[in-house]
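Student: Could you walk me through how the labels on a structure get decided? I'd like to see each one set against its cut-off.

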Amino acid sequence: MIPALGLLVGLAVGLFLHPAVPLALQPYLPIAVIAALDAVFGGVRAVLDGIFNDKVFVVSFLSNVVVAAFIVFLGDQLGVGSQLSTGVVVVLGIRIFSNVASIRRHLFRA
Amino acid sequence: MSRSDPPPRVPATEDSFGWQRLALMARPRATKANALAALLAILLGFAVATQVRQNQVLGLGSLRQVELVTILDNATLLSARLDQNARELQATRDELISGSSSGAAALTVAQERLDTLRILAGTTSAHGPGIRMTINDPQAKVTAPLLLDAIEELRDAGAEAIQVGDVRVVASSYFDQAGSEVEIDGTKVTEPYVISAIGNAQTLSSAMEIPGGLSENVRLKLGASITITQATDLTVGALHTLSEPRYARPIPSPAPAAIP
């Protein structure tokens with residue numbers, strides 16, 4: 001409940017302050033957001049599976065974000081940044097879909 | 001797992017098991033991990049909102065170098081293609097403009113030629129400077145050869161349109177002596193003979209008055225009288241009727257400057 005409220009608070013703050021993203025972070029922010037979403041859905045799934053662990057969630061959240069950003073950074077350095085970020089988005093998207101499918105099965109039995 | 005084949009219903013307790021777990025976990029707990037998770041959630045929401053806004057605000061600024069280069073390439077290609085297009089269309093337009101102006105020029109030339117030929121052929125009235133010559137011949141001594149001589153003299157002096165009495169004199173005109181009278185192209189012309197000629201009035205009248213010329217002949221040899229008046233605007237109104245040539249056929253000229 002508290003993290004869900006936190007999400008809403010964060011959204012509201014972002015909408016009202018509309019901060020500018022630093023130029024250096026611009027390529028990484030969307031990927032980081034996708035990675036974080038993957039971690040969130042993974043966490044919900046773990047709750048439903050009964051194997052949720054606070055520490056694992058926090059660590060996986062942070063590592064997901066950092067690794068995703070790092071992959072994009074590496075891609076930019078190698079000159080394949082756009083292709084690599086597409087790849088990361090595809091992989092994370094597949095993970096999100098499978099997590100959501102698992103959650104759905106738990107909650108709706110369908 | 002296919003949706004058309006739903007798993008068998010499980011007891012209600014197990015059905016709500018997932019929700020119970022979720023509710024249990026959602027309960028506010030004052031643990032360090034929960035606070036951390038909330039912090040992360042705030043960060044995530046903030047990042048999402050920021051990114052969405054950024055995406056809406058920024059156009060080219062958020063793109064990578066490679067993408068920018070691609071866009072630039074596309075724009076350059078498109079511009080080159082449009083340039084090419086514009087050049088072609090311009091060339092076509094220039095062609096059309098010059099074509100229509102040269103068409104108009106050709107039409108003007110053709111019209112001028114037509115006017116010239118119609119005056120020569122005697123199918124149109126003409127006006128301009130010239131002389132009017134009247135021969136009074138009460139003794140009927142003027143003959144067709146003399147009139148023909150007069151016409152030839154006028155032509156030599158540059159007369160462009162000539163009329164004797166009511167008859168237009170053209171290239172094919174013939175003079176005939178019928179008794180004491182003169183016929184031109186089968187039409188009788190009677191005394192006094194009035195000859196109108198368009199040309200340089202000064203030149204024409206000098207040619208007529210030249211010593212040993214027409215005037216002297218008429219006065220001295222025939223005893224007839226002749227008066228010559230110069231006019232600045234004389235009208236040759238008699239028309240010659242063209243007859244279709246029976247034998248002569250035109251050879252098409254290579255230049256299609258049309259004469260209608």
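Student: What should I know about the model before we start?

Tutor: This is a predicted model, where local features need pLDDT of at least 70, side-chain atom pairs count only at pLDDT 80 or more, and totals for chains, interfaces and linings use all residues. Residues are numbered from 1 along each chain as its sequence is written, while chains are lettered from A and ligands numbered from 1 in the order in which they are written.

Student: How many helices and strands does chain A have, and what counts as one?

Tutor: Helices are DSSP runs of H or I with at least four residues, strands are runs of E with at least two, and both are numbered from the N terminus. By that rule chain A has four helices and zero strands, and its pattern along the sequence reads α-α-α-α.

Student: What makes H3(A) roughly antiparallel to H4(A)?

Tutor: Helix H3 (residues 54-78) of chain A and helix H4 (residues 81-108) of chain A pack at about 155°, their axes 7 Å apart. Axes are lines fitted to C-alpha atoms, for helices over the stretch in contact, and angles run from 0 to 180 degrees between N-to-C directions. On that scale, under 35 degrees is roughly parallel, over 145 roughly antiparallel, 65 to 115 roughly perpendicular and the rest oblique. The angle of about 155° therefore makes H3(A) roughly antiparallel to H4(A).

Student: What is the handedness of the crossing of H3(A) and H4(A)?

Tutor: H3(A) passes H4(A) in a right-handed crossing. A crossing gets that name if the near helix is turned clockwise from the far one by less than a right angle, and is left-handed if anticlockwise.

Student: Which residues of H3(A) and H4(A) meet?

Tutor: Two residues are in contact if their C-beta atoms, placed from the backbone, lie within 7 Å. On the H3(A) side, Ala68(A), Ile71(A) and Val72(A) are among them; on the H4(A) side, they include Leu84(A), Ser85(A) and Val88(A). The residues of this contact divide into five nonpolar, four polar and one charged. Here Ala, Val, Leu, Ile, Met, Phe, Trp, Tyr, Cys and Pro count as nonpolar, Asp, Glu, Lys and Arg as charged, and the others, Gly among them, as polar.

Student: On to chain B. What is its secondary structure?

Tutor: Chain B comes to seven helices and eight strands. Five of the strands form an open sheet in the order E3-E2-E7-E1-E8, with antiparallel pairing.

Student: Why do E3 and E8 of chain B count as edges?

Tutor: Strands E3 (167-169) and E8 (225-236) of chain B each have a single partner strand, so one side of each is left without a neighbour in the sheet. On average, neighbouring strands of this sheet are turned by 20° against each other, direction ignored.

Student: How do you know that E1(B) and E8(B) pair?

Tutor: Two strands pair if DSSP finds at least two bridges between them. Strand E1 (residues 126-136) of chain B is joined to E8(B) by 10 bridges, and Ala126(B) stands opposite Val236(B) in E8(B). E1(B) also pairs with E7(B), over six bridges in the antiparallel sense, and there Arg132(B) has Ser196(B) as its bridge partner. Four bridges join E2(B) (161-164) to E7(B), with Ile162(B) opposite Ala197(B).

Student: What makes E7(B) "mostly covered"?

Tutor: A residue is buried if 20 or more other C-beta atoms lie within 10 Å of its own, exposed if 12 or fewer, and partly exposed in between, with C-beta atoms placed from the backbone. Five of the six residues in E7(B) are buried. For the chains, buried residues make up 22% of the 260 residues in chain B and 34% of the 110 residues in chain A.

Student: Which strands form the three-stranded sheet?

Tutor: That open sheet runs E4-E5-E6 in chain B, again with antiparallel pairing. Its twist averages 40° from one strand to the next. Three bridges join E5(B) (181-184) to E6(B), with Ile184(B) opposite Thr187(B).

Student: How many residues does each chain give to the contact between them?

Tutor: Chain B gives 37 residues and chain A gives 38 residues. On the chain B side, H3(B) gives the most, with 20 residues. That side divides into 23 nonpolar, eight polar and six charged residues.
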